[in-house]
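Please look over the sequence and the structure before reading on.

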Amino acid sequence: MSTTTLLGVLLPVVPLVAGLGGLLLPPAGPGASDGRGAARRAAVALGVAGAAGALVLAVALLVTLEAPAESSTTWIRFGDLTVTLGVRLDGAAALVAVAVAAVALAVQVYSVGYLARGPHDDTDVDHRYPPYAAQISLFTAAMLLVVVSGDLIMLLVGWEVMGICSYLLIAHDRRLPQAPAAAQKAFLVTRVGDVGFLLGIALLGVSAGSFRIAEVLAHDHGTTTLTAAGLLLLAGVAGKSAQFPLHTWLPDAMAGPTPISALIHAATMVAAGVYALTRLWPLFQATPTVLAVLGVMASVTLLLGALAATAQDDLKRVLAWSTVSQLGYMTGALAVGSPPAALFHLLTHAAFKALLFLAAGVVIHALGTAAMSRMGGLRHTMPVTFWCTLIGLGALAGVPPLSGFWSKEGVLAAAEEAALHGEGSAPAWVGWLVWLAGLVGVAVTAWYATRLLLRTFFGALRTPSAHPHDPPALLRWPVLALTVPAALLGLAGFPGWFATQLQRTTPVDAEGVSDLLPPEGLIHLTPTVLLPLALLLLGAGLAWAGWRRDTAADPAAALGPLRPVFARAFRLDEAQHTLVVRPTAALGRAARVADERVVDGAVTGTGRGAAALGGGLATLHRSALPRAVAAVLGGALLIALAVTLIGAM
């Protein structure tokens, strides 16, 4: 086994071991009442060591990886079908692994301070910290398994383990009434998509005779098979990456702890769908129909998320809808045929969205509320948090030279090429759709990012009794560390080395197949860049002008009657509840009634009838002699009558 392969194998194994070890710890150990119990210290050590070990391995893999590498061994044979154990490593996998491990480490360290106390008061300790830290490690291991896996079945294992971990972590605070419901919703909605994902994998595996990704990509699938499998896989991607119409679970998942929101939104759950698409890109590239569906889904998601973010009062829900919108940019880049642009935006988004969530957690921790209507004026009392949030929001909006500007510009440039020059595998109208949605999204993103900044950090503090201040070191250092890539990662697109990692790779050997990402540059500095910059200034300027008229008022008031519509995300959640949840629940109740009244009723009725008949016969058997003789004679008469009738026939 080569060093590269060993590093790839160890990547998910190290956090997995840390997570399994953490699950053996008791929820609360001696001394837990003051938050410094032995179990908690062991959980902190395991969680941080697992994430740090994964980060060291990922960086070592990135540095030592000279060419794509693949190694596998047969695990199970089902007749002609083969399932393998192995890794598939290239530059894109190494970069995504670094992002996952770095965000996981920041979240583990941040959580030590964030969950030092109980979730609802300052005298209690969070007794469930050990399983919480262990579940983060398992979550990280599952995502890293998705990143390095060379077999679709192993990828599916990591994919499903992430679903279970997200359910447990969102429901961490069981005393919040909305937390268990949000966890259940996330689990069920993503399972709907996962059914399609599983069927798509099964279809590809049966067609190729193997689940090994290299063999699946190399196999000559029929057009019908490719289209059906592509659409089924898109269902799974829509669920995991919160794409329309399976996006409804992500905003509700804000009921979980804020560090978990950072992990889900930046590095694991929602990134898995986009990454899986790039892993199987040659299959999608060969099916324009699937790319057209992806383009429509991405454009609707992009605008839906951006518009919904404009009317939220909850700080975390603004960021949640922002994630939905930014995922639309990534899948839009894939729809117009540019996986490098999608991966570039995935990496920069991981940095600035993790930064924004952890900074939001600091604000919520200081004020005890996530409502922006109760914030304001924090830039003087929380200067470190203010400047970090400013950089994160600038990257989100696409302010040059911050990271989000370069990666979002790459997506828009790819869409423009597809629209104006017919570049890419999808029809030209898909390029127009993604490009126009992306341009509108730039203005809307700048508007809600400016509103968030003004409502939170400018004006007067709307909770006079609060005394906010910058966080202690355990919370501050992860935020400061994430500020660096949020600001500078976009500049990495200039040198050739970084861009090469996200682009075309050559096959390892005759059997190995590269990711075949199309060769293209990551940085696009052309005159067309002025258009999104103008839209950015327009969006930010409108929000600032609305705020200047009345610094105590909410700029969202300018939305007028559209505000409640946007706040409820076009009431799609209610529509989903009416069209899907209620009929499904009614069908379930009908099935239960039919089971209880018909199936169980028939069995129970038969039993009761037999018991009644037996009881009657027993009564006759115990009756007095004259009545017994009469019964025997009556029975003999009936038998004789029956024999006569049968004989006459």
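Is Cys388 buried or exposed? Cys388 is buried, because its relative accessible area is 4%, where buried means under 20%, exposed over 50% and partly exposed in between (1.4 Å probe, protein chains only).

The model is predicted: local features need pLDDT of at least 70, side-chain atom pairs count only at pLDDT 80 or more, and totals for chains, interfaces and linings use all residues. Residues are numbered from 1 along each chain as its sequence is written, and side-chain values use heavy atoms, with hydrogens and water left out.

**Cysteines**
- Cys165 counts as buried because its relative accessibility is 4%.
- The structure holds zero disulfides, a disulfide being a pair of cysteine sulfur atoms within 2.5 Å.
- In general, a disulfide is a covalent bond between the sulfur atoms of two cysteines.

**Salt bridges**
- The whole structure contains 14 salt bridges, each defined as a side-chain nitrogen of Lys or Arg within 4 Å of a carboxyl oxygen of Asp or Glu.
- One of them joins the side chains of Lys185 and Asp573 at 2.7 Å, N to O.
- Lys185 belongs to helix α6 (residues 178-208) and Asp573 to helix α24 (residues 572-621), so this pair ties together parts that are 388 residues apart in sequence; helices (H or I, at least four residues) and strands (E, at least two) are DSSP runs, numbered from the N terminus.
- Lys185 counts as buried at 19% relative accessibility, whereas Asp573 is partly exposed at 28%.
- Asp554 forms a salt bridge with Arg451 (2.8 Å, N to O).
- That pair links distant parts of the chain, 103 residues apart: Asp554 sits in the loop between α22 (530-549) and α23 (562-567), and Arg451 in helix α19 (residues 428-457).
- Asp554 and Arg451 are both buried.
- Asp554 also meets the side chain of Arg455 in a salt bridge (3.9 Å, N to O).
- Arg455 lies in helix α19 and Asp554 in the loop between α22 and α23, so the pair ties together parts that are 99 residues apart in sequence.
- Arg455 is buried, as is Asp554.
- A network of salt bridges links Glu70, Arg88, Arg212 and Glu215.

**Surface patch**
- Met1, Leu6, Val9, Leu10, Val13 and Val17 make up a nonpolar surface patch with about 510 Å² of accessible area together.
- Patches consist of residues with over 30% relative accessible area and no salt bridge, with like charges joined within 9 Å and nonpolar side chains (Val, Leu, Ile, Met, Phe, Trp, Tyr) within 5 Å.
- Accessible areas come from the Shrake-Rupley method with a 1.4 Å probe, and for residues only the protein chains shown count as cover.
- Val13 is located in helix α1 (residues 3-23) and counts as partly exposed at 33% relative accessibility.
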